[in-house]
Number of protein chains: 2
Amino acid sequence: MAAATVSNKRVILKRYVTGLLSEDDMEVVTVEAPPLDVPTGSKGVVVKNLYVSCDPYMRNRMTHHELPSYIPDFVPGEVLENFGVMKVISSGHLDFKAGDLVWGMTGWEEYTVINNPESLFKINHPELPLSYYTGILGMPGLTAYAGFFDVPKPKKGEYVFISGASGAVGQVVGQLAKITGCYVIGSAGYDEKVNLLKSKFGFDDAFNYKKEQDLEAALRRYFPEGIDIYYENVGGKMLDAVLPNMSLGGRIVACGMISQYNLEQPEGVRNLYYIVTKRLRMEGFHVFDYYDRYYRFEEEMAGYLKEEKVSYVEDVVEGLDTAPAALIRLFTGRSVGKQLVAVARE
Amino acid sequence: MAAATVSNKRVILKRYVTGLLSEDDMEVVTVEAPPLDVPTGSKGVVVKNLYVSCDPYMRNRMTHHELPSYIPDFVPGEVLENFGVMKVISSGHLDFKAGDLVWGMTGWEEYTVINNPESLFKINHPELPLSYYTGILGMPGLTAYAGFFDVPKPKKGEYVFISGASGAVGQVVGQLAKITGCYVIGSAGYDEKVNLLKSKFGFDDAFNYKKEQDLEAALRRYFPEGIDIYYENVGGKMLDAVLPNMSLGGRIVACGMISQYNLEQPEGVRNLYYIVTKRLRMEGFHVFDYYDRYYRFEEEMAGYLKEEKVSYVEDVVEGLDTAPAALIRLFTGRSVGKQLVAVARE
C-alpha cells in the first residue's frame, strides 16, 4: 500500500549565473517529497528544514568553474543547498533520533534526506532562538570567531576596521573586538546599518562608504594611527583604500569579497605594494578548518548572548517562495543583519 | 695650513622621478671631498667606497611620498645612497679603525662621512670577493635567506616558484630552496637568464615569461600540483597569473614588485579572491628586521660559497659615471645577475 504523497517545495538553480544574480536564475518548484521514513539499512536521516541561511559564498557556487573550487558548483536543475536549522523526522543513525534539533548543510526545500549526518551539529541551546544557528551560533558566528581570534591574533588596544560590518559575520567580529578591548570602526552601505553599528553593536564609530568621495582619505581620518587589523568582507575598491592606511605589520583577514562576486571580471587592486613596504600579512581562511572547535565556540557564544554581552540582528523572510529575493538582497546591500529564510516555524 | 683638497665624484638625484626612470633624472657631479680625517670628538668614520649596489627599492625612494614611507625619500640635489662595500679611512669610533672593511649604507660617491657607524657590518670573509657583500653576503642575500626560511617556513618536497629569479635575491632563494629539498622553477625575461637558472643555479626548470602568451596556463603546465610557495619579486600580471595556481594553504612571500615601480599607476590585480578560496597567506617582510641575525647568516652563506654549494653571478660596471645606466638596467631587465658598480678597486 503506497503512503500518501507529501509535497516538497524547493528552490532550484535554473542556470549557471553570469554577472548580477537575478531571481530568474532560480526557480521555486514543488516536487514529491522523499519518503519521510529512512529506508531500512540506511544510516542517513530525513529532516524537516526550519530555517535556511542566505550566505554570500553561495553566489560563487552558482558560477561554473572549469577547475574544481573549494566547494562543488551547484548544478542547474538541482536544489540549492546551504546551512540550515532542521528537525530530524526519522533516523537510521545511532547518534540521531526523531525530534532532534540540528544544524548543518541541507537543501533549500521543505524536506531533505541527509546521507552523511556525521556532518550535522547538535543544537545544545534550544532555549535561544533556533534561527540563531544559521548565524551567530552557526557557520557565520564561527567564521567571525575563528577569523578574528585565530588568524590575526588581536591584542587589547589595537585598531580594527571591519567592512560589511553589519552583516552576519561583521556584526559578530565587531563585538568580539570590543570584548577584546580593541578600538573598532565598521563600514556599511546604508545609514540604517551605520546607526545599528554604533547604537546596537557598540562599535566606536561607523560610516557609510557610499557617502565618502575618497575612501582612502576617509579611512585616514577615521584611523589617524593606522589600522592594525582589517577584517575584509568586501574586497575591490575598499581593499585598495585600506592598504595605504594599514599600520606597519598590520594583518588583513580575508574572509570574503562580496563586492566582487557579481562582476564578470573582478576589480583590479592597485595598492598591493604596501604589503611589502608595510610588512603586511593578508591571509585567507576557511571556517571548515575550525569545526572541531564548534561546541566550545557554541558554549562561549551562547554565554555572551545570555549575558547580553553580544547583540544580534536578523533579517528573516517567510517561506521558500521569497528565498531567491532574500539571497539577492545580500548583494544589493538591502539585508539588515543576518539574512535568512524561515521555511517552517515548528 | 689647509689640507690639499680631494675631489669627490658623486651621483645626485636631479629631480623626483615620475614614470620610467631615465639617466636624466640623475647627474654625476664632482665636488670637494669631506675632510678625510674625522674631526676631533666625532664618533663617525670616513670611508672610501669600493662597491655600491644597485637595488630595485631605490626607485621607490626617487618618488616623492606625501606620507612617510618605510625609508626616507631621496632629496633632489643630494647624493644617492644605498648599500656598499667600504674601507674605513679614519675613525672616531672605538669599534672601527683605518683599514677596516665594512658594508652598509653609504653614498653613491667616492668618499662618505658616516656619522652612525653602528649601522655598519664588519666583513669577516675578505678572502671571498668583496663585491659579494653588496649581494649574496649582504642585504640581498639576507633578504633571500630570511624571506625564504622565516616567512613561508618551507618544507622538503614543496613546490616553489620564483619570479625575477636570476636577480640578486632570486638566484639565492632558488639555491636555498634546492638545498632545502624543494622543487624549484624560476621565471626571467631573457633566455640568457633562463639558461643561467637551469645550468648554473640548479633550478629544476625555468621559463621566459615574455614568451608565454598565457602566463596562467604556463604556470598550470609547470606546476600541475600547484605552487606551495611563491617568492614574489615582480608583482602585477605575474601575481595575477600565480594566484589561481597556488595550492590550498600556499604562502606568497612579498619581497618586491619590480614590474610596478616605474608605472604612474600600478596594475590592478584581479585574482585576489583566491586568497580566500585557497586559504593563502601573502606576507611582506623587511630585511631590516633580520639584521640581528646577520653574522650567523654570513657564516652559513660563506660556507656554502666555499663548499661550492651555491653559485653566484654578478653584473659589475666600472666607475660612478656608469652608475645611473646600471641602475636603469635593473628595470629594463638587462642586468644579468646582481647589478653593482665598482667605484674603486682597492
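**Chatting through the A–B interface**

Biologist: How many residues of chain A are in contact with chain B?

Modeller: 30 residues of chain A are in contact with 30 residues of chain B, where contact means heavy atoms within 4.5 Å. Bear in mind that this is a predicted model, where local features need pLDDT of at least 70 and side-chain atom pairs count only at pLDDT 80 or more, while totals for chains, interfaces and linings use all residues. Residues are numbered from 1 along each chain as written, chains are lettered from A and ligands numbered from 1 in written order, and side-chain values use heavy atoms, leaving out hydrogens and water.

Biologist: And how much area do chain A and chain B bury between them?

Modeller: About 2,800 Å², with 61% of it on carbon and sulfur atoms. Buried area is the accessible area (1.4 Å probe) that two parts lose on being put together, summed over both.

Biologist: Which residues in chain A lose the most area to chain B?

Modeller: A:R270, A:Y273 and A:R279, together 24% of what that side buries.

Biologist: How many salt bridges does the rule find across the interface of chain A and chain B?

Modeller: Two, counting a side-chain nitrogen of Lys or Arg within 4 Å of a carboxyl oxygen of Asp or Glu. A:R279 meets B:D289 in a salt bridge, 2.7 Å from N to O.

Biologist: What about the make-up of the side of chain A that touches chain B, by class?

Modeller: That side has 16 nonpolar, seven polar and seven charged residues. Ala, Val, Leu, Ile, Met, Phe, Trp, Tyr, Cys and Pro count as nonpolar, Asp, Glu, Lys and Arg as charged, and the others, Gly among them, as polar.

Biologist: In which sense do β13(A) and β13 of chain B pair?

Modeller: Antiparallel, over three bridges, with the chain B strand spanning residues 281-284. A:E283 has B:R281 as its bridge partner. Strands pair if DSSP finds at least two bridges between them; helices (H or I, at least four residues) and strands (E, at least two) are DSSP runs, numbered from the N terminus.

Biologist: Switching topic: how do β9 and β10 of chain A run?

Modeller: Parallel, with four bridges joining β9 (residues 183-188) to β10 (residues 205-208). A:S187 stands opposite A:F207 in β10(A).

Biologist: Back to salt bridges, which residue does A:E109 form one with?

Modeller: A:R10, with the closest N and O atoms 2.7 Å apart. A:E109 lies in the loop between β5 (101-107) and β6 (111-114) of chain A and A:R10 in strand β1 (residues 7-13), so the pair ties together parts 99 residues apart in sequence.
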